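Work through the two exercises below with the sequence and the model side by side, and try each task before reading its solution.

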Amino acid sequence: MPRRRTVLAGSAAALGLTALPDQPPATATTPASAVRPPNVVLVLADDLGYGELGAYGQKLIATPRLDRLAAEGLRFTDAYSTAAVCAPSRCSLLTGLHTGHATVRANPSGAQGALTAEDTTFAQVLKARGYRTAVIGKWGFGPEAPGQASHPTDRGFEEFYGYLTHGHAHQYYPEYLWHNGTRETIPANAGGKQGAYAPELFARRALDFIDAHRAEPFLLLLTPNTPHAPSDKVPGSEAYAGRGWSAANQGHAAQVTFLDTLVGRVVDRLRAHGLERDTVLLVTSDNGPHEEGGADPELCDSNGPLRGYKRNLYEGGIRVPLLAWGPGRVAAGTTARPTPLTDLLPTLAELGGAPAPADTDGLSAAPLLAGGADAARHGHLYWFRDEKGVTSRADKEDQGRATWLAEAVRRDNFKAVRFAPVRDHNLPDEQWQVELYDLATDPGERSDVAGRHPSTAAALVALMRSSWQDQYPRAPFGTRLTAPALAVPGRPATVTATLANGSTRPWTGARLTLAAPAGWTVTATGPTTADRLAPGGRLTASWQVTPPAGAAPGTRWPLTATGTATAPGGPLTYTDRATVTTPPPAPTRDSYLSDLLWISAANGWGPVEKDASNGKNAAGDGTPIAFGSTVYAKGLGVHAPSDIAYHLGGKGGRFTALVGIDDFSARQSATGATRALVYGDDRPLHTSPVLTAAGGPATVDLDVRGVRVLRLVVLDANGNSGFDHTSWALARVTVV
């Protein structure tokens with residue numbers, strides 16, 4: 001098998017890598033790192049504790065492959081997840097933003113946390129430089145549907161296989177998994193059977209990805225859900241039989257060993273293809289060890305010398321293993337540099353010769369990996385917790401405050417943790433309960449020294465306050481495409497794309513192009529190139545796009561904008577996709593909206609979700625809705641935030657409805673609060689008062705004459721979308 005740097009010579013041009021800077025010819029004395037950017041394999045474990053690997057002191061669970069990587073590579077002693085639970089931690093890892101800035105800051109308590117089109121992931125960063133990209137395993141963000149901004153294939157990953165949502169990943173023997181935009185059933189697990197262990201399926205897909213792209217630079221994010229609970233029916237549990245442990249503890253140990261074996265299989269496959277010197281492998285965890293499903297973290301000392309578990313902001317909940325391995329690329333040793341996983345995005349960007357967004361919270365550790373001087377250090381590290389789940393040990397460590405809002409900051413060796421007695425981040429500082437620890441002398445955080453160092457505690461509290469922003473607007477980065485919801489056959493529509501340099505260094509030779517379906521007419525209405533984009537600069541281009549007169553109605557059509565430029569690290573290609581719909585026929589008679597085909601629907605159910613994953617109702621049946629025990633037919637159910645669009649084609653006269661939090665939702669919780677909005681052709685027509693179960697529904701009665709597209713929008717009104725189920729009853733349009 002030829003070594004990879006030889007194979008790559010014939011494929012680099014096709015990948016846009018020929019302009020990588022200052023690449024000398026390979027010689028016997030040229031280090032691999034000077035020839036080409038490395039492949040990246042990032043293995044993210046689920047709830048793996050700091051002390052659960054032999055390299056970090058584990059005595060009872062076998063992890064020989066990871067321990068060998070630790071001996072041959074770089075072991076971080078002070079690496080940190082960015083949250084004490086998985087969803088916010090994974091969001092921060094992907095985007096480089098800590099939990100005071102990130103889009104997802106808590107585990108879901110209702111609607112799934114979701115990334116947005118403003119979130120740039122490290123996959124998008126490396127894909128722009130020609131990397132082939134995949135995420136295999138647990139994604140953990142919703143909604144559970146393709147073609148939306150939070151889907152991995154919309155966030156830079158060309159290949160996805162695994163669980164989309166947080167809750168689905170709790171099933172080790174699922175009846176289906178997602179492959180890109182398709183749900184693939186698993187016959188071996190149909191009807192509750194347990195014939196196919198999902199982490200084993202992930203292992204095979206990961207190895208297949210390496211095989212398929214061995215001659216191309218690639219990024220593989222491998223995210224098995226081990227060793228998350230439950231710990232039953234785990235392959236390899238028999239290795240821990242006879243120790244007198246419970247079945248859950250045997251299973252948990254086997255899950256950790258399965259992870260170890262999985263990483264070993266990846267290393268073996270890299271070696272089989274001669275890729276080990278062309279790859280940087282990273283292994284870490286999303287938070288500290290769990291105590292769920294009967295697993296006892298004390299049995300195997302899962303948090304090592306640290307205090308706390310998953311859900312705690314003490315060190316045991318957030319300090320995690322981090323190993324870096326890559327012969328010839330990663331220097332062997334140990335580092336005590338405090339390293340949050342927000343550093344992964346800028347580190348991978350530097351390794352791949354790619355620009356990164358300037359407004360992230362991470363700092364590159366690439367020089368440290370290469371054996372250079374200690375990488376740039378953070379002035380402080382920040383964590384936020386908003387967690388409603390409770391487990392006994394975590395609650396005990398928090399002294400009964402496990403469901404309180406909490407924050408933590410580490411600066412040098414001092415770390416402060418504080419708790420809010422009410423769920424209000426704006427609570428005055430003096431009402432929070434503050435603790436201070438000196439990690440240099442007390443890594444187990446057993447001695448609160450806030451009373452001896454009041455000025456230090458006050459300074460760290462000030463850092464907490466400054467690290468949090470209710471909203472964190474992002475500077476544009478890469479290509480963004482804006483298209484109208486509708487494209488009427490034979491009628492031109494305006495489409496706009498922007499290529500934004502959100503990095504710190506200039507780009508040259510910027511260009512935007514637009515691809516439309518065959519038979520469509522695309523005409524630029526202004527410049528599509530720019531010689532130079534300074535940091536913060538943008539190139540914006542517009543086109544008139546016209547579908548052919550015979551384009552099928554009620555059909556979604558793809559548009560793709562491609563932005564190219566050259567950065568100091570080499571050529572860049574950023575793409576963004578949008579879909580436009582040729583509208584369904586306009587109504588010809590008075591109709592309930594549930595009798596009409598919709599243009600688009602986000603976070604709706606019942607007839608709105610025809611043929612989607614959550615509902616199978618055909619349009620025309622409606623959903624009965626009850627307000628105050630009065631039942632109304634023909635309803636539409638939604639969850640904030642939601643957005644449903646209908647084509648009226650200028651034929652409507654009036655739109656009427658009742659909108660509010662219905663009786664079913666009110667029985668789940670009284671905390672829901674929403675606001676309903678109605679738009680006509682993106683012009684606001686109506687904004688409701690705040691809707692609550694106690695306040696009852698609001699009446700909507702609007703003149704919609706001339707409106708082509710009617711949009712019904714529901715937004716969260718109290719900063720808590722967990723119980724914001726809202727319904728439109730008797731939603732009806734009359735025809736002129």
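A cavity is a set of points on a 1 Å grid over the protein atoms alone where a 1.4 Å probe fits but cannot get out, and lining residues have an atom within 4 Å of a point. Grid points are joined across faces, edges and corners, and a volume is the space filled by probe spheres set on the points. The model is predicted, so that local features need pLDDT of at least 70 and side-chain atom pairs pLDDT 80 or more, while totals for chains, interfaces and linings use all residues. Residues are numbered from 1 along each chain as its sequence is written, and side-chain values use heavy atoms, without hydrogens and water.

**Exercise 1.** Describe the largest cavity and its lining.

Start with the count, which is 6 cavities of 30 Å³ or more. Next, take the volume: the largest cavity holds about 80 Å³ of space. Then find its lining, which includes F76, L322, T339 and P340. Finally, β11 (339–340) and α8 (344–351) each contribute at least two residues to this lining.

**Exercise 2.** Determine which strands pair with β2, and in which sense.

Strands are DSSP runs of E with at least two residues, numbered from the N terminus, and two of them pair if DSSP finds at least two bridges between them. With β9 (residues 319–325) the pairing is antiparallel over 5 bridges, and R75 stands opposite L323. With β10 (residues 333–335) it is parallel over 3 bridges, L74 being opposite G333. With β11 it is parallel over 2 bridges, and A79 faces T339.

How values were computed: On a 1 Å grid over the protein atoms alone, a cavity is a set of points where a 1.4 Å probe fits but cannot get out, and a pocket is an open set with protein on both sides within 12 Å along at least five of seven lines; lining residues have an atom within 4 Å of a point. Helices (H or I, at least four residues) and strands (E, at least two) are DSSP runs, numbered from the N terminus.
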